[in-house]
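Dear colleague,

I am handing over a structure that you have not worked with before, and my notes on it follow below. Please read them with the structure open beside you.

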Amino acid sequence: MDDPDPDPVPVPDPVPVPVIRAVDHGTARLLPDIDRERAWLLTVDGSPQSYVDLDDPTHLEFEYVRRLGHVVDTAAPPGRPLDVIHLGGGALTLPRYTAATRPGSRQRVVEFDGALVALVAEHLPQSDPDGVRTHTADARGWLEAAPGRSADLLVADVFGGSRVPAHLTSVEYARAAERVLRENGRYAANLADGAPFTFLRSQLANFAAVFGELALIAEPSVLRGRRFGNVVLLASHAPLPVAELARRTAADGFPARVEHGTALRRRTGDAAVVRDADAVGSPEPPGGTFRVG
């Protein structure tokens, strides 16, 4: 009599492997996180661009993205949908977070690199893409053509390599951002600088010339000039939720500080607005600051 068939041997899931592809503006790499199943790091030319957990879009790995997440969380009462414009797409980390925490939000993502958009759509598809539209376009040109007073929140996270492009650093750009925001809308930008903060001070001057309320969020060591790092700039015509943002950012794994009011005016000092004709990109980070591998 033949022995019964043995129990089938389970076949393990395939081990994720890195994806490397030339995109329009460099070489993109999707690197799997061995500690989180279906989580990926996106780099372009060695600079980290995005981190996405496909199973948990509310997981924000990068500290500066957590700060932008706090901005989303405090932009309206919990769960209320928002109209959001994202300049800079990457792997769509913040649009995924917003869709998960504020269902029904209408989001427009502007990403200059069409090949990068295709790579992310192929390998990191959104579980629920409804409400998120991606446009392959230059951020400034798209913004200037967008309908006025159409957004509750505008998030700028645009880097060419590791620098903010010059045409997104002028007072004319600040006015273009203000034009698309509603009366109580908010602008948030990821910037990078270090002492003596020449670039950051110019951005504060630009946005102070256009908006009534400003704030910065960053680690204390960055604000004190001890190291180069990310700074989130906030601007609005309406009062900003400074106390709530301070509470939330102080509780993060890498606590941050919110600078506002008199301290921010002291930081700006006598910095002058920068017009398109004189605009320059953000400073090149010190070697290895934002690079992987």
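**The second largest pocket**

Helix α2, which spans residues 93-101, contributes three residues to the lining of the second largest pocket, and this is the most that any element gives. Please keep in mind throughout that the model is a predicted one. The pocket in question has a volume of about 240 Å³, and 18 residues line it, with R96, A99, A100, S127 and D128 lying nearest its centre. Sorted by class, the residues of this lining are seven nonpolar, six polar and five charged.

**The four-stranded sheet**

Turning to the strands, there is an open sheet of four, in the order β1-β2-β3-β4, and the pairing in it is antiparallel. Because β1 (19-23) and β4 (47-53) stand at the edges and have a single partner strand each, one side of each is left without a neighbour in the sheet. From one strand to the next, the twist averages 20°.

Helix α3, made up of residues 114-123, lies across β1, β2 and β3, and it runs at about 155° to β1.

**Backbone features in the loops**

R38, which is found in the loop between β2 and β3, has a positive phi of about 65° although it is not a glycine. Its relative accessibility is 41%, so R38 counts as partly exposed, a class that lies between the cut-offs of 20% and 50%.

L92 is likewise not a glycine and has a positive phi, in this case of about 70°, and its place is in the loop between β5 (83-87) and α2. Is L92 buried or exposed? With a relative accessible area of 8%, L92 is buried, because the cut-off for that class is under 20%.

Finally, the peptide bond that leads from A195 to P196 is cis, with omega near 10°, and P196 is found in the loop between β9 (181-193) and α6 (198-208).

With best wishes

Methods:
Residues are numbered from 1 along each chain as its sequence is written. This is a predicted model: local features need pLDDT of at least 70, side-chain atom pairs count only at pLDDT 80 or more; totals for chains, interfaces and linings use all residues. Side-chain values use heavy atoms; hydrogens and water are left out. On a 1 Å grid over the protein atoms alone, a cavity is a set of points where a 1.4 Å probe fits but cannot get out, and a pocket is an open set with protein on both sides within 12 Å along at least five of seven lines; lining residues have an atom within 4 Å of a point. Grid points are joined across faces, edges and corners, and a volume is the space filled by probe spheres set on the points. Helices (H or I, at least four residues) and strands (E, at least two) are DSSP runs, numbered from the N terminus. Ala, Val, Leu, Ile, Met, Phe, Trp, Tyr, Cys and Pro count as nonpolar, Asp, Glu, Lys and Arg as charged, and the others, Gly among them, as polar. Two strands pair if DSSP finds at least two bridges between them. Axes are lines fitted to C-alpha atoms, for helices over the stretch in contact, and angles run from 0 to 180 degrees between N-to-C directions. Contact means heavy atoms within 4.5 Å. Buried means under 20% relative accessible area, exposed over 50%, partly exposed in between (1.4 Å probe, protein chains only).
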